[in-house]
Amino acid sequence: MRVRTAVLISGRGSNMAALIRAAAAPAFPAEIALVISDRAAAAGLALARVAGIPTKVIEVRGAARARHEAEIDAMLERHRIGLVCLAGYLHVLTPFLVGRWRGRMLNIHPSLLPAFPGLETHARALAAGAKLHGCTVHLVTEQLDSGPILAQAAVPVLPDDTPERLAARVLIQEHRIYPLALAMMAGARAETAAADAALMNPLPALEPAP
Ligand code: GRF
């Protein structure tokens, strides 16, 4: 059973597209079953629709964060989602949604965490004189960009780099490691489900040995 996975986006959706592409392989242990955006204008929504994936826009209205997250949670449950991937989703989630999906929600961040959490990571890496930069997939916890790390990839910082050039080099690696991390998590969940099923349906007792 492939793990039904939702992707939350706010914009371009290139990481979402990488996940969709990887999950198109029948042997991939997750399927992308839902894409949620907080912005109707997110370019990624069109990519998801072309791929035939159900999409939903759930906008954040005013300060009603609790209602917004309750709506997302209900949508995830309705679509029988097992794993959630944040992919350029611009809102910091509250402890409510983080708690509901603890251990089942992944995020991709464009730096080698724990270096450079937060925004403007490429410019900050350049300003700090970093020689290596990169990206991280991690589990989402209440603390911003600091949950358990699932995968990382490093790229060199070159002498003539601009934030844009560095971002493009990092993005190539993001598109590699996000599917890898999702496959790892989905594979682990499928194995756990199989082990649970075996526990619920034990083999009949063996005949005593002669
Ligand atoms: C990526 O750089 C990701 O690491 C960060 O936001 C960006 C989203 O890009 N969290 P895209 O929408 O996946 O193209």
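1. Helix α1 passes helix α2 in a right-handed crossing. In this predicted model, α1 covers residues 14-23 and α2 covers residues 43-50. Their axes come within 9 Å and cross at roughly 15°. Angles under 35 degrees count as roughly parallel, and α1 and α2 are therefore roughly parallel to each other.

2. On the side of α1, the contact is made by M16, A17 and I20. The partners from α2 are G44, L47 and A48. By class, the contact of α1 with α2 has five nonpolar residues, one polar residue and no charged residues. Gly counts as polar, so G44 of α2 is the polar member of this contact.

3. Aromatic rings call for a brief remark. The structure holds zero aromatic pairs.

4. The peptide bond that joins L113 and P114 is cis, with omega about 15°. P114 is found in the loop between β5, residues 105-109, and α5, residues 121-127.

5. R80 has its place in the loop between α3, residues 65-78, and β4, residues 83-86.

Methods: Residues are numbered from 1 along each chain as its sequence is written. This is a predicted model: local features need pLDDT of at least 70, side-chain atom pairs count only at pLDDT 80 or more; totals for chains, interfaces and linings use all residues. Side-chain values use heavy atoms; hydrogens and water are left out. Rings of Phe, Tyr and Trp (its six-membered ring) pair if their centres lie within 6.5 Å; planes under 30 degrees apart count as stacked, over 60 as edge-to-face and the rest as tilted. Axes are lines fitted to C-alpha atoms, for helices over the stretch in contact, and angles run from 0 to 180 degrees between N-to-C directions. Helices (H or I, at least four residues) and strands (E, at least two) are DSSP runs, numbered from the N terminus. Angles under 35 degrees count as roughly parallel, over 145 as roughly antiparallel, 65 to 115 as roughly perpendicular and the rest as oblique. A crossing is left-handed if the near helix is turned anticlockwise from the far one by less than a right angle, and right-handed if clockwise. Contact means heavy atoms within 4.5 Å.
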